[in-house]
Amino acid sequence: MAEPEGLETASEHERILREVDSTDTACIGPTLRSVYDGEEHGRFMEKLDARIRNHDREIEKMCNFHYQGFVDAITEFLKVRAEAQKLKNQVTDTNRKLQMESKKLVGAMEELKLCRLQQRNISATVDKLTQCLPVLEMDSKLREQMKSKRHYPALKTLEHLEHTYLPQVSHYRFCKVMVDSIPSLREQIKEVSMSDLKDFLESIRKHSDKIGETAMRQAQQQRNLDHFVSQPSKTGGGRLKRDAGASSDLEGQSSSPMSERDSGILDVEEEEEASEVPGAQELVDFSPVYRCLHIYSVLGARETFESYYRKQRRKQARLVLQPPSNMHETRDGYRKYFNQIVGFFVIEDHVLHTTPGLVDRAYLEELWDLALSKTIAALRTHSSYCSDPDLVLDLKNLIVLFADTLQGYGFPVHQLFDLLLEIQDQYSETLLKKWAGVFRNILDSDNYSPIPVVSEELYQKMVGQFPFHDAALEKQPFPKKFPFSEFVPRVYVQIKEFIYACLKFSEDLHLSSTEVDDMIRKSTNLLLTRTLSNCLQNIIKRRNVGLTELVQIIINTTHLEKSCQFLEEFITNITNVLPETVHTTKLYGTTTFKDARHAAEEEIYTNLNQKIDQFLQLADYDWMAAEPGAEASDYLVDLIAFLRSTFTVFTHLPGKVAQTACMSACKHLSTSLMQLLLEAEVRQLSLGALRQFNLDVEECEQFARSGPVPGFQGDTLQLAFIDLRQLLDLFLQWDWSTYLADYGQPTCKYLRVNPATALVLLEKMKDSSRKNNVFAQFRKNERDKQKLLEGVAKQLRSLVSGHHS
């Protein structure tokens, strides 16, 4: 076993020796380590020594073989050594010189090295700065844009900075800071743009009045231009001009429909009309809306912005549509209300056409429907408080201009014109109230005397004011008098003024001529049948009105009735609608003046009867007088004189009126005398008193026969006293046999004597006879007379009872 192990060790040592021979001395360490790692290093040393000795023998052999060459080489080497030393010295000297000279070069090289390093650093820095500089420039630009409130460009800059520039230099620390600040910058831009939008909304809320005023002025200018262009083609252009008399002092209480005040709603001067009126885009800077919309769109919050904008504008719409409580008091109140609404919708219309999607047509129609309903309700409420027709007319003109303005922006306005038809009824009512005051002033200030004229000029002026023609009056010399008083032409002129006022309301309502004519005629009929009629009735029923005034009123209403056909022609001329047209309303003025005249006539009859009653209250009969006086009673003489003078005033009245008044007075006098004779307070009646009463009745009959009013045929007026006459004749002639025999026959002499009346009067005379003949009853003839009275009374009672049955 020991022998094979010795062989392996020997072969291993041999291998190591070969490696030592063939291996570089720098790498012999690992080989030797393997020897020392083993346990046979002593034996290896032996082999190594044997190898060294072997190599020494080979070297010795080789040296012995090459000895001569070695000697030659040594000799040559010695020669070379001398030259080498010399060369060494030269090299050393050269080296010394070179070292001395190269010190400066080394220093320059060090400097050059440092400069090259700096140059590389500078170049690298320039390259990095070149990369970072656009980022910093964009950041500076962003800050400047935000400082100058250019938010939308700032947002665009921020987008470029974030997606284009910052990714190129993302490894720098300052870029990380900038990236982290981008969300806050976006939020800041969003907040600032929203703040600008809020300021914009507040600004347009405050200035919507001015914007609306400008828009309405533009519409007014367009209307004036259209009117100017179309005016030459109108055939009835001069139909609204007044006739010569319409400019008189009598018209001072009502303004002309073509007056300067009505030339334009907004009172736009000619110079202003000639200049261009700025539009909403010139008055309002819409850039905050556009910027905010773009910003929110870029930020992906467009829906949020649209929702906020619409919500805020709805709130503002409700504020705009809320009218002030005192709006109805002045024209400016209505004007400001309309201006605000127009301004609101002009802005919305501009936003609709310049920012697609922010405001759509459906949203705007919804707002308009809301505005229309609230506006109409507010106008309907506030207009009901208006009592001034001029203010109502101004309101109408403002509504028309309001409707035309918004119609020009595409909003439907037919409901506003329907509202105007409602306001037209209210306008008519306010006109009627105003004209009621005008008529009252005219009637109260009238002197109820015929109008005197002293010259042809005054005569023609009056004829120009009121359509009157009388050939007989024209032939009379000056001075002369018109039959009517001043209130006739003044009322006639005011009726025409009322028609003009009604016509003014119909302008610009897009009504046909027939509708305008119908509206004017209906309003005029109300003026005649209600307002003027009531004023006439009130003046007629007034307590202190006299018979002279009543007579003049009858004359005046007669002439006003005749003028109705001229009013018909007047309306036809201004509306160009012929009265023969189907459904044309007729004027009821004739009926009005007839009713007033009849009322005046009735009042005359009533006044006459009251005067008669006043005179009769002065009657002081001695019902127990034994003998009558020599003449009629004083009160009755005065009464007859009053009636004669009164009926003299009736000369200008129509014949039937005077005759009816006279007949009514006589009948009332007859009836009152009969009642005076039969009243219960007169318990006894003597024959002397009855004869005195007969004298008074004869005075009345004489008055009736004298014909105080012409036109009665025969004894027609005397028939008013026929009841009294037959009754008195029956008692004074004591013709009871004839009365009782012929009673009930058509040819009876005392046909008008009622048995009941005769019985009452007979009872009074019977009582008087008893009282005056207390002792005479024992005489035979007195007893016969009493029996006769009893017999007549008995028969009268039977007639009365038979009549009742």
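Author: Let us begin with surface area. Accessible areas come from the Shrake-Rupley method with a 1.4 Å probe. The model before us is predicted, and its protein chain exposes about 44800 Å².

Reader: What share of the 805 residues is buried?

Author: A residue counts as buried when its relative accessible area is under 20%. In this protein chain, buried residues make up 42% of the 805 residues.

Reader: How many helices and strands does the secondary structure comprise?

Author: The chain has 28 helices and two strands. As for how its parts meet, consider contacts between residues at least 6 apart in sequence: 80% of these join residues at least 24 apart.

Reader: How many salt bridges are there?

Author: The criterion is a side-chain nitrogen of Lys or Arg within 4 Å of a carboxyl oxygen of Asp or Glu. By this rule the count is 22. One of them joins aspartate 93 to lysine 97, with the closest N and O atoms 3.4 Å apart.

Reader: How are aspartate 93 and lysine 97 placed in helix 4?

Author: Helix 4 spans residues 67-147, and because the two residues are four apart within it, about one helical turn separates them.

Reader: Which parts of the chain does the salt bridge between aspartate 360 and arginine 310 link?

Author: The N to O distance in that bridge is 3.6 Å. Aspartate 360 lies in the loop between helix 11 (331-354) and helix 12 (361-383), whereas arginine 310 belongs to helix 10 (residues 302-320), so the bridge links distant parts of the chain, 50 residues apart. Aspartate 360 is partly exposed at 32% relative accessibility, while arginine 310 is buried at 17%.

Reader: What does arginine 530 form with glutamate 429?

Author: These two residues form a salt bridge in which the closest N and O atoms are 2.7 Å apart. Arginine 530 lies in helix 18 (residues 513-541) and glutamate 429 in helix 14 (residues 414-445), so the bridge ties together parts that are 101 residues apart in sequence. Arginine 530 is partly exposed, with a relative accessible area of 33%; for glutamate 429, also partly exposed, the value is 33%.

Reader: Where is lysine 764 found, and what does its side chain reach?

Author: Lysine 764 is found in helix 27 (residues 755-772). This lysine is buried yet has no salt bridge, and the nearest side chain of opposite charge, that of glutamate 679, is 7.0 Å away. The lysine 764 side chain does, however, reach the backbone oxygen of leucine 678 at 3.3 Å. Beyond its neighbours within four places in sequence, lysine 764 is in contact with several residues, among them Leu677, Val682 and Gln684.

Reader: Is tyrosine 621 buried or exposed?

Author: Tyrosine 621 is buried, at 12% relative accessibility. Its place is in the loop between helix 21 (589-616) and helix 22 (634-649). Leaving aside neighbours within four places in sequence, the contacts of tyrosine 621 include Ser633, Leu676 and Phe693. Leucine 676 is 55 residues away along the chain, and the C-alpha atoms of tyrosine 621 and leucine 676 are separated by 9.8 Å.

Key:
Residues are numbered from 1 along each chain as its sequence is written. This is a predicted model: local features need pLDDT of at least 70, side-chain atom pairs count only at pLDDT 80 or more; totals for chains, interfaces and linings use all residues. Side-chain values use heavy atoms; hydrogens and water are left out. Buried means under 20% relative accessible area, exposed over 50%, partly exposed in between (1.4 Å probe, protein chains only). Lys and Arg count as positive and Asp and Glu as negative; His and the chain ends are not counted. A polar contact is a pair of N or O atoms within 3.5 Å; within protein, one must be able to donate a hydrogen and the other to accept it, and residues adjacent in sequence count only if both atoms are side-chain atoms. Contact means heavy atoms within 4.5 Å.
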